[in-house]
Amino acid sequence: LALGVIVPAIVTGIGVRRITATLRGLTDAAQEIANGKFGQTIPPASTRDMHELVTQFNRMAVQLSDSYEALRRQNERLSLVMRGTNDGMWDWDMQTGRTYYSPRWKGMLGYADEEIENQIDSWRNLIHPDDADRVLNVLQVYLEGKVPVYQVEHRLLSRQATALLSRPRADLLHGPHRQPYRMAGSHT
């Protein structure tokens, strides 16, 4: 009777320990990936289900590593192109109003990166008052899809309160039902 209780308990304990070790390995490797250390893999597990879980995790880790490297190369390329063109870049999330203005975009107007808030209103406030209605009208017409290209020459006020000629060009992303949700472009 004692063997009937002790042997299954030992077998169960060993099985639980193997499963727990595999899960601990998955958890530790997932934490490493979350910290940016891609390429984590763990040794194969003993049970079929655990082996499949480990295989899928390792496949995911490789895909994440490849995706991260492709993204890094793409960002490097974009950065190089933007430096080469000497233009400023901006990216407007229309759902939140948050707008990224590159340090070059701000610097062209004489501002340091931290001096212009990353909101669409920052740009609106810099438009020369004599150009504001025309520029905002062209933007609205473009957002409504009535013109194919957003490009409107206008003046922006620099930090020194002088008017600088701006030539923005942009493209738009649409969601369901052709609703615009993001616009990005360059500023010459």
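Lys-106 is buried, at a relative accessible area of 1%; buried means under 20% relative accessible area, exposed over 50%, and partly exposed in between, with a 1.4 Å probe and protein chains only. The structure is a predicted model, in which local features need pLDDT of at least 70, side-chain atom pairs count only at pLDDT 80 or more, and totals for chains, interfaces and linings use all residues. Residues are numbered from 1 along each chain as its sequence is written, and side-chain values use heavy atoms, with hydrogens and water left out.

Lys-106 forms a salt bridge with Asp-113. The closest N and O atoms of this pair are 2.9 Å apart. A salt bridge here is a side-chain nitrogen of Lys or Arg within 4 Å of a carboxyl oxygen of Asp or Glu. Side chains of opposite charge can pair when their charged atoms come close. Asp-113 is partly exposed, with 38% relative accessibility. By the salt-bridge rule, the count comes to 13.

Another salt bridge links the side chains of Asp-121 and Arg-124, at 3.0 Å from N to O. These residues are three apart in helix 4 (residues 120–126), so about one helical turn separates them. Helices (H or I, at least four residues) and strands (E, at least two) are DSSP runs, numbered from the N terminus. Asp-121 is partly exposed at 42% relative accessibility. Arg-124 is partly exposed at 33%.

Asp-131 and Arg-155 also form a salt bridge, with 2.9 Å between the closest N and O atoms. Asp-131 lies in the loop between helix 4 and helix 5 (132–143), and Arg-155 in strand 4 (residues 154–157), so the pair ties together parts that are 24 residues apart in sequence. Asp-131 is buried at 6% relative accessibility. Arg-155 is partly exposed, with a relative accessible area of 28%. Elsewhere, salt bridges that share partners join Glu-69, Arg-72, Arg-73 and Glu-76 into one network.

Strand pairing comes next. Two strands pair if DSSP finds at least two bridges between them. Strand 1 and strand 7 run antiparallel and are joined by six bridges. Within strand 7, Ala-184 is the bridge partner of Asp-91. Strand 7 also pairs with strand 6, in the antiparallel sense, over seven bridges. Here Gly-185 in strand 7 is the bridge partner of Ala-170. Strand 6 and strand 7 form a hairpin with five residues between them. His-177, in the turn, has a positive phi of about 60°.

Arg-178 lies in the loop between strand 6 (168–174) and strand 7 (180–187). Its phi is near 60°, a positive value in a residue other than glycine. Arg-178 is exposed, at 61% relative accessibility. Asn-86 has a positive phi too, near 65°. Asn-86 sits in the loop between helix 2 (48–85) and strand 1 (88–93). At 44% relative accessibility, Asn-86 is partly exposed. Most residues other than glycine have a negative phi.

Ser-102 occupies the loop between strand 2 (99–101) and helix 3 (103–108). Ser-102 counts as buried because its relative accessibility is 8%. Leaving aside neighbours within four places in sequence, Ser-102 is in contact (heavy atoms within 4.5 Å) with Gly-88 and Met-89.

Rings of Phe, Tyr and Trp (its six-membered ring) pair if their centres lie within 6.5 Å; planes under 30 degrees apart count as stacked, over 60 as edge-to-face and the rest as tilted. By this rule there are two aromatic pairs. Tyr-142 and Tyr-150 form a tilted pair, with 5.7 Å centre to centre and 50° between the planes. Both tyrosines, Tyr-142 and Tyr-150, are buried.

At the surface, Val-5, Ile-6 and Ile-10 form a nonpolar patch. Together these residues have about 280 Å² of accessible area. Accessible areas come from the Shrake-Rupley method with a 1.4 Å probe; for residues, only the protein chains shown count as cover. Patches are made of residues with over 30% relative accessible area and no salt bridge; like charges are joined within 9 Å, and nonpolar side chains (Val, Leu, Ile, Met, Phe, Trp, Tyr) within 5 Å. Val-5 lies in helix 1 (residues 2–34). Val-5 is exposed, at 56% relative accessibility.
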